[in-house]
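Dear colleague,

Please find the structure below, followed by an account of what was found in it. I would be grateful if you would read the two side by side.

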Amino acid sequence: MQWYKRDIPDCLRALNTSVRGLSNEEAYRRLAEFGPNQLEEVKKTSPIGIFIRQFKNLLIAILLIAVTASFIIGETLDAIVISIIVFFVAILGFIQEFRAEKALDALKALTAPKARVLRDGRIIEILAKEVVPGDILVLETGDKIPADARLIEAVELKVDEAPLTGESVPVEKNVAPIDKDVAIGDQRNMVFSATTIIYGRGKAVVTSTGMNSEFGKIAKMLQEIEEPKTPLQERLDYVGKWLGIGVIIVVAIVASLEIFIRGEPPFEMFIWSIALAVAAVPEALPGVVTGALAIGVQRMSKKNAIVRRLPAVETLGATTVICSDKTGTLTKNEMVVRELYVDRKTIRVTGEGFEPEGSFLRDSKEVEPDDTLKLLLRIGALCNNSNLIKKDGYKIEGDPTEGALLVSSAKAGIFREREEEKFPRIWELPFSSERKLMTTIHRTSEGKIIAYVKGAPEAILNLSSHIYESGDVKALTERARSRILEKNEEMASRALRVLAMAYRELPEAIEYSPESVEKNLVFVGLQGMIDAPREEAIKAIEVTKSAGIKTIMITGDNKTTAIAVAKEMGILDNGKVITGAELESMSDDELDRNIKDITVCARVSPSHKIRIVQALKNNGHIVAMTGDGVNDAPALKKADIGIAMGITGTDVTKEASDIVLVDDNFATIIAAIEEGRVIYNNIKKYILFLLSCNIGEILAMFFAGLLDWPLPLLAIHILYVNLATDGFPAIALGVDPPEPDVMRRPPRDPKESLFKKIKASIGIMSIYISIAILLVFYWALQRTNLDITRTIVFASLIMIELFNAYNCRSIEHSIFKIGPLKNKWLNIAVIWEFILLNIIIFVAFFNPLLHTAPISLTQYAVVFSIGFSIIFFIELWKKVVQHQVRA
């Protein structure tokens with residue numbers, strides 16, 4: 001129901017209440033009818049159910065089969081290692097699924113705990129959850145509003161709606177009905193749950209409570225939105241299915257050949273087949289992926305980005321569009337005076353935030369404030385009810401706009417407290433939306449009475465008869481009036497919120513009323529303020545462009561402000577600007593067609609943000625959504641990656657997000673994007689390494705069977721290579737340093753296969769490994785017994801894999817270009833595996849356990865040469881591929 005369109009008597013009738021409020025009996029009845037004014041929870045899956053759900057994954061299922069198989073063949077260590085990996089992955093997924101519950105708890109904590117209402121004509125204080133439709137709320141400065149309500153009385157009322165709408169400036173409220181459809185941010189006669197009264201007082205009749213409030217609708221959207229799988233999760237599912245089918249086919253063929261052609265005992269071949277199956281499935285894949293992501297999380301935490309979901313790191317690396325909230329994300333959520341117009345001069349004010357430090361520049365040259373400029377700043381400081389306080393830095397108590405005026409005057413050494421000692425206030429005419437003015441009356445040290453006035457430029461000019469220029473009071477001509485209005489419009493077009501300053505000397509005998517005081521004013525000048533863009537965010541947006549990532553600004557602010565900020569940030573770039581009203585009139589299909597050209601969205605609601613994210617996803621984009629207010633939470637959850645601000649962000653937003661920026665710095669996202677790209681590349685390196693080695697092993701076994709040769713490796717050899725040799729180098733590849741051009745590449749296609757650019761490399765490496773193994777097996781079998789031959793093959797396979805790990809450090813570049821020894825963890829892993837290999841071969845205790853035997857120096861030289869040869873072969877392969885790409 002559109003309460004904002006109804007007049008006050010109509011609203012009271014529709015809600016069956018009066019200005020005296022409800023009776024206690026009627027309130028209790030409605031509480032039973034409508035339920036408590038709190039957020040409801042959806043029925044949750046039990047913890048056991050969530051835990052069991054983690055095993056509904058083909059790769060995990062294969063790993064469980066491998067655990068069982070390992071126990072059957074007596075490889076207890078193998079079984080324990082795999083079990084730990086499976087359990088860890090399941091626990092990780094289990095923890096992640098509790099985030100929705102945490103988000104709702106945070107929403108509850110944000111709502112007002114108590115409320116003051118009229119019951120039977122008396123003001124009483126009740127718990128916020130006991131508020132019902134029809135209650136009359138009594139509102140004063142500082143109150144957090146407990147429910148959505150239609151205003152029936154508003155005295156200088158201003159409300160901070162930033163948590164709900166993203167509007168950076170407090171909204172002035174009134175009681176007049178609105179005769180057209182408007183967005184939440186323009187419903188000036190309504191107040192909404194979880195917003196705060198900044199100034200003034202009022203009364204309002206409650207229209208919606210609990211889940212029916214705008215705040216409750218956000219909670220419901222959070223409950224209903226299903227979190228999408230990340231691209232990496234989808235690719236891993238694909239890998240699991242592909243490997244599962246492949247393993248079954250290859251193992252069945254090899255086992256059949258050995259049983260029916262060579263006459264091997266079926267039971268022994270069953271054990272050998274299980275070992276080969278275990279080797280073929282990279283059971284360390286979830287562990288290595290988790291490890292790579294965890295290392296990325298540690299790196300990002302040092303760069304002020306806290307990751308709440310591990311796969312989110314990789315998703316961020318695939319981001320093609322960043323949808324960024326304006327207030328508090330691209331801007332600082334701190335109103336600052338940027339420009340002054342006084343004495344026909346435009347003066348730029350420097351400085352950041354609320355720190356009273358900065359300069360006054362004219363034509364890029366610093367100037368000392370003259371008497372006229374000081375008068376302008378003094379009016380802003382004295383006609384003011386806010387406070388600039390120093391507590392853990394400088395902060396503003398009160399209205400942000402008035403706070404900006406205090407800071408601008410303090411930069412000239414004019415502080416309100418000191419000025420009020422010289423010019424004590426004796427009266428105040430509070431701001432009203434009708435007059436668009438505020439006036440304070442002071443007595444000077446000479447005993448004179450002077451009124452200082454601030455307000456809308458048009459209103460001030462209409463009441464002014466003179467202007468203060470060059471140290472003199474002059475008549476305000478129409479030409480001067482037009483010049484000032486033109487300057488006001490020019491400043492407003494750059495998203496500056498402009499206030500005019502004026503004064504008037506008053507006679508002793510005068511009535512302190514607007515009609516008597518606010519006339520024949522002396523116009524002094526203009527102060528233009530803005531929620532300042534972050535300098536680092538502007539630079540970050542430039543970097544995202546070079547990385548092929550589009551930025552869309554989504555804000556609750558008006559279109560003019562949004563356009564001006566977007567231009568300054570470098571976001572607009574000839575893109576389209578759309579408002580919430582225009583978005584509302586579009587069908588989903590129409591939005592899908594137009595979203596590619598849109599770069600700025602103004603005056604949007606939470607549901608609009610979700611539609612924007614969905615339209616981008618429908619166009620194949622990986623979408624990151626940044627924000628800090630409650631209004632951002634549903635869109636953050638809907639997006640592929642939700643990024644919350646750590647300082648200004650609400651708990652709701654943080655709980656709904658995937659990544660929290662500790663420093664609220666948009667630029668931190670760039671570091672996160674780089675880390676995400678590095679991690680995805682490293683996971684591909686791991687897959688390249690492990691699959692090329694494993695498939696090479698399987699091909700060698702397969703062709704040995706076709707050639708009617710003895711098995712080159714025993715089950716224990718295969719398991720050792722799989723668990724010991726493959727593991728540590730693979731983990732080291734998961735933390736490989738970034739390649740030099742990682743941020744000069746465009747985002748990868750979200751639909752691209754995990755095997756893109758590595759399929760051919762997997763094939764060529766696998767074939768080389770299998771041929772090398774078969775050649776060394778044939779060579780050794782002609783010269784020594786089968787036990788030593790298998791030891792030579794076993795050592796050769798390990799050596800090949802250790803050297804191949806260095807090949808896999810870059811899919812495209814030569815290892816000599818990226819620095820062959822830059823990955824210290826890989827160097828340590830290779831040295832460790834090399835030492836273990838020598839112990840297994842040359843320490844007699846291990847020979848019977850692992851079916852190995854000491855080999856000669858000549859045989860050892862062959863082993864080393866075979867292993868090292870893969871470096872030269874793959875370097876040659878990379879040269880060929882690069883030549884084909886350039887051609």
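The side chains of Arg 344 and Glu 469 form a salt bridge, with 3.6 Å from N to O; the term denotes a side-chain nitrogen of Lys or Arg within 4 Å of a carboxyl oxygen of Asp or Glu. Arg 344 is in the loop between strand S10 (331-342) and strand S11 (345-349), and Glu 469 is in strand S19 (residues 464-469), so the pair ties together parts that are 125 residues apart in sequence. Helices (H or I, at least four residues) and strands (E, at least two) are DSSP runs, numbered from the N terminus. Arg 344 counts as exposed at 55% relative accessibility, whereas Glu 469 counts as buried at 6%. Here buried means under 20% relative accessible area, exposed over 50%, and partly exposed in between (1.4 Å probe, protein chains only).

Please note that this is a predicted model, in which local features need pLDDT of at least 70 and side-chain atom pairs count only at pLDDT 80 or more, while totals for chains, interfaces and linings use all residues. Residues are numbered from 1 along each chain as its sequence is written, and side-chain values use heavy atoms, with hydrogens and water left out.

Further salt bridges

The count of salt bridges comes to 46. Among them is the pair Arg 425 and Glu 428, at 3.0 Å from N to O. Arg 425 is partly exposed at 25% relative accessibility, and Glu 428 is partly exposed at 24%. Glu 542 and Lys 545 also meet in a salt bridge, at 3.5 Å from N to O. Both residues lie in helix H20, three residues apart, about one turn of the helix. A network of salt bridges links Lys 685, Asp 736, Glu 739, Asp 741, Arg 745 and Arg 809.

Helix H20 (residues 535-546) also holds Ala 537, which is buried with a relative accessible area of 0%. Ala 537 and Asn 665 are 128 residues apart in sequence, yet 7.0 Å apart in space, C-alpha to C-alpha.

Backbone angles

Most residues other than glycine have a negative phi. Glu 156, in strand S4 (residues 148-160), has a positive phi of about 50° although it is not a glycine. Asp 573 likewise has a positive phi, of about 45°, and is placed in the loop between helix H21 (559-569) and strand S24 (576-579). Glu 156 is partly exposed at 21% relative accessible area, and Asp 573 is partly exposed at 49%.

Surface and interior

Ile 831, Ile 835, Ile 839, Val 843, Phe 845 and Leu 849 make a nonpolar surface patch of about 540 Å². Patches are made of residues with over 30% relative accessible area and no salt bridge, with like charges joined within 9 Å and nonpolar side chains (Val, Leu, Ile, Met, Phe, Trp, Tyr) within 5 Å. Helix H33 (residues 824-842) gives the largest share of the patch, three residues.

There are seven cavities of 30 Å³ or more. On a 1 Å grid over the protein atoms alone, a cavity is a set of points where a 1.4 Å probe fits but cannot get out, and its lining residues have an atom within 4 Å of a point. The largest cavity contains about 80 Å³ of space. Its lining consists of Leu 164, Thr 165, Ala 183, Ile 184, Gly 185, Gly 556, Arg 603, Val 604, Ser 605 and Pro 606.

Yours sincerely

Methods
Areas by Shrake-Rupley, 256 points an atom, 1.4 Å probe, with all protein chains shown as cover. 1 Å grid on protein atoms, 1.4 Å probe; cavity = no way out; pocket = protein on both sides within 12 Å on 5 of 7 lines; lining within 4 Å. Points joined across faces, edges and corners; volume = space filled by probe spheres on them.
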